[in-house]
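Here are my notes on the model you sent. Please read them with the coordinates open.

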Amino acid sequence: MITAGIDVGSKNIHVVILRDEELVGRWVVASGFEQAEAAWRALEGAAGDAGITVEDVDYTVGTGVGRKSVDFVDHRVTEIAADARGAYRLIPDARTVIDVGADEARAIRIDETGKVLDFAVNEKCAAGAGVFVEAMSRALEVSLQEFGEMSARSKESIPMNAQCTVFAESEVVSLIHNNVPKHDIAKACHDAMAGRVAAMARRAGLEEEKVVLGGGVALNMGFVKALQETLSIGEITVLPDPEFLGALGAAIIGAEKGAGTTAGLGKQPQGA
Amino acid sequence: MNMVEENKEFWRWSEKVWRDETMDWQGSESITAGIDVGSVSSQAVVMVDGKVYAYHSTRTGSSSPSSAHKALDGALEGSDLTLEDVHYVVGTGYGRVNVPFANRAITEISCHARGANFMAGPSIRTILDMGGQDCKVMRCDENGKVQNFIMNDKCAAGTGRGMEVIADALGVPIEDIGSRSFETDGRPPVVSNVCTVFAKSEATALLKAGWSVNNVLASYCAAMADRVAGLIERIGVEPEFFITGGIAKNEGVVNRVEGIIGVRAIPLDESTNLDPQIAGALGAAVFAQALLKKERKKATHQG
Amino acid sequence: MIANYGYQDGSGKYFVTIDTGKCEDCLGRWCVDACPQSLFLIEPDDYNNEVATIEISVRKKLKEKCVPCKPAGGHEALLCVEACRPGAVTHSW
């Protein structure tokens, strides 16, 4: 059975295709202004990546903040459900799942069966999501990759005063003018972000358990290091293809729900 | 090019200096000064026998002490009054400030309310100050003593900076925000984002979807007014209501705030020659006056 | 004076409110001792009364700092609110 999980974020749309629960294709496109059309293109891309066509997909599940605007999916699930299922499938030992995406971050506590026990979200404030890290890297005039690496090299702990992305940008500029070394500024930014994400994880009820990390920001080594330090945890497991976590979980749920059905794909959106 | 610079300075206090040329400070009983060192600008107010003699507003520099000196020097420039002639100085400002020549430091909240009371009269009970980087609301008594306050300096939404980001994204010069936000066809779009960063993306998307700039602007002014009104309503509004800060000049937000809270702000009497931006330093100078009086009274009792 | 320390942002309103009028006759430092994050301190206000206040560097991080005491942290009532005998402290969330 071939299922697809479509994670419709405000910034990007990620798609994962599973064949008999094995990952065979994935694709990402920018959400843009026409989410349904972009979602279809993402699905086509993933199908191509899997060496199949869209018509071969038996069942699709949508997740993400924009899932309601995509009407061709067979089923929809919340990001919490999708993340939990995806993480549990990858790491059955996982008990705390942290997903830090571009616009939103969430922390989910699951039990040994993968059932969601509690969760907390950082939403509606850019300082608690990936867009903060991007904005700070732009203020330092370095790539995101460099930003993470620089931060991991620093040994200083300069607390950031600003707790808002807009004000933090000015603070970074001011730190540069005061000749604070760039890698120390980078670390300060990552520490500030990690503090907010860690607090969110604690709201979900973090204990000294297996913590796994997904979402695009998990690819940032500076952030991972800062989060490990802030949570006082020896090691956080970064999931493989972390930015596809939601799509993966949705696709797995699709395999469970779609088993035995021939639901197929709904109508292709106009203009796609 | 000059015009653009001035536009950007709208929320940021531009250089301003004023002195009462007719006042003769020689032979006066008390000369006091208030210095307010803010994160963006600094002000100094000099009072002679309880009347405002001079004031100066300038950009805050790299250090608190140097900004304090710069502010006071500017106020005194051209007169023959010097720091040595000043009997009592109160320092105030954002966070922990360091005015080395101050006799005493007092919080900006207390100074702001006292200054607004001096400027706009004892009938003032609620003061809204919307600066470039913060938004605060104070309730005070007839003497300008603070009874209740609330401040937001964490989140850009609801501050001058937040408005600046949206105005830039929409390509609207800041001084045009007010008028343009009312030149709409009455169908402003629904905006869901409070956060300035997300609001900026949302605004761009709305323009792409065909909404006019004025309509989108109207929505954001309404959203901003909502934020500010929310802060006011947490501590309640009692007339008379007075507004200070750069936003006082933005009718697009002020009108809507008044509409939501149901109270109109009273205007500042122009004949006072005072500027709302000096409220903090003015309040500090008023405190200095009172503290000087107290000190002298104590000295005569002991003497 | 009712002092509201904290902030509001896109995700909500986070204020710790201290009625400093109740601090003026307070002999204990119960709030200072009760807070596991050391957010409180006693300082002279503008009228030279010793009153409780929230430490300046944490005022913009209250959502983050107060987490251990909120329901997920295992507390049913807030430690500072409970500890303050004059009842000067309240939280908005």
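1. Start with Ser110(B). Its contacts beyond four places in sequence are Val146(B), Gly283(B) and Asp46(C). The model is predicted. Ser110(B) is part of helix α3 of chain B, residues 108-120. Is Ser110(B) buried or exposed? Ser110(B) counts as buried because 25 other C-beta atoms lie within 10 Å, and the cut-off is 20 or more. Met138(B) is 28 residues away along the chain, yet the C-alpha atoms of Ser110(B) and Met138(B) are separated by 8.9 Å.

2. Next, the contact between chains B and C. Here 21 residues of chain B meet eleven residues of chain C. On the chain B side, β9 (146-152) and α7 are the elements that give two or more residues. β9(B) has the largest share, with six residues.

3. The open sheet of chain B has six strands. Their order is β1-β4-β3-β2-β5-β6, with mixed pairing. Ala33(B) has Val89(B) of β5(B) as its bridge partner.

4. Two helices of chain B deserve a look against that sheet. Helix α9(B), residues 279-302, packs on the sheet and touches β2, β3, β4, β5 and β6 of chain B. The direction of α9(B) makes about 140 degrees with that of β2(B). Helix α2(B), residues 64-76, lies across β1, β2, β3 (41-48), β4 (51-59) and β5 of chain B. α2(B) runs at about 45 degrees to β3(B).

5. Asp129(B) sits opposite Thr244(B) of β10(B). In a regular strand, side chains alternate between the two faces of the sheet. Which residues of β10(B), residues 241-244, point which way? Phe241(B) and Ile243(B) point one way, Phe242(B) and Thr244(B) the other, and all are buried.

6. Now the helix pair α6(B) (residues 196-208) and α7(B) (residues 213-235). Their axes come within 10 Å and cross at roughly 150 degrees. α6(B) is therefore roughly antiparallel to α7(B), as angles over 145 degrees count as such. The crossing is right-handed. α6(B) contributes Ala199(B), Ala203(B), Leu206(B) and Leu207(B) to the contact. From α7(B) come Val213(B), Val216(B) and Tyr220(B).

7. In chain A, look at helix α3(A), residues 130-139. How many of its ten residues are buried? Seven are, and the helix is mostly covered. The buried residues are Gly130(A), Val131(A), Phe132(A), Val133(A), Met136(A), Ser137(A) and Ala139(A). These pack against β6 (96-100), α4 (144-153), α5 (165-177), α6 (182-203) and α7 (221-231) of chain A. α6 of chain B is also among their packing partners. Just past α3(A), Glu141(A) has a positive phi of about 60 degrees.

8. Last, the largest nonpolar core. It holds 214 residues, and Ile6(A) and Ile35(B) touch the most other members. Beyond four places in sequence, the contacts of Ile6(A) include Ile13(A), Val15(A), Ala39(A), Ala42(A) and Leu43(A). Thr60(A), Gly62(A), Val70(A), Val73(A), Ala247(A) and Ala250(A) are also in contact with Ile6(A).

How values were computed
Residues numbered from 1 in each chain as written. Chains lettered and ligands numbered in written order. Predicted model: local features only at pLDDT ≥ 70, side-chain atom pairs only at ≥ 80, totals over all residues. Buried ≥ 20, exposed ≤ 12 C-beta atoms within 10 Å, placed from the backbone. Helix = DSSP H or I, 4+ residues; strand = E, 2+ residues; numbered from the N terminus. Pairing = 2+ DSSP bridges. Core = buried A, V, L, I, M, F, W, Y, C linked by C-beta atoms within 7 Å. Contact = placed C-beta atoms within 7 Å. Axes fitted to C-alpha atoms, helices over the stretch in contact; angles between N-to-C directions. Parallel < 35°, antiparallel > 145°, perpendicular 65-115°, else oblique. Left-handed = near helix turned anticlockwise from the far one by under 90°.
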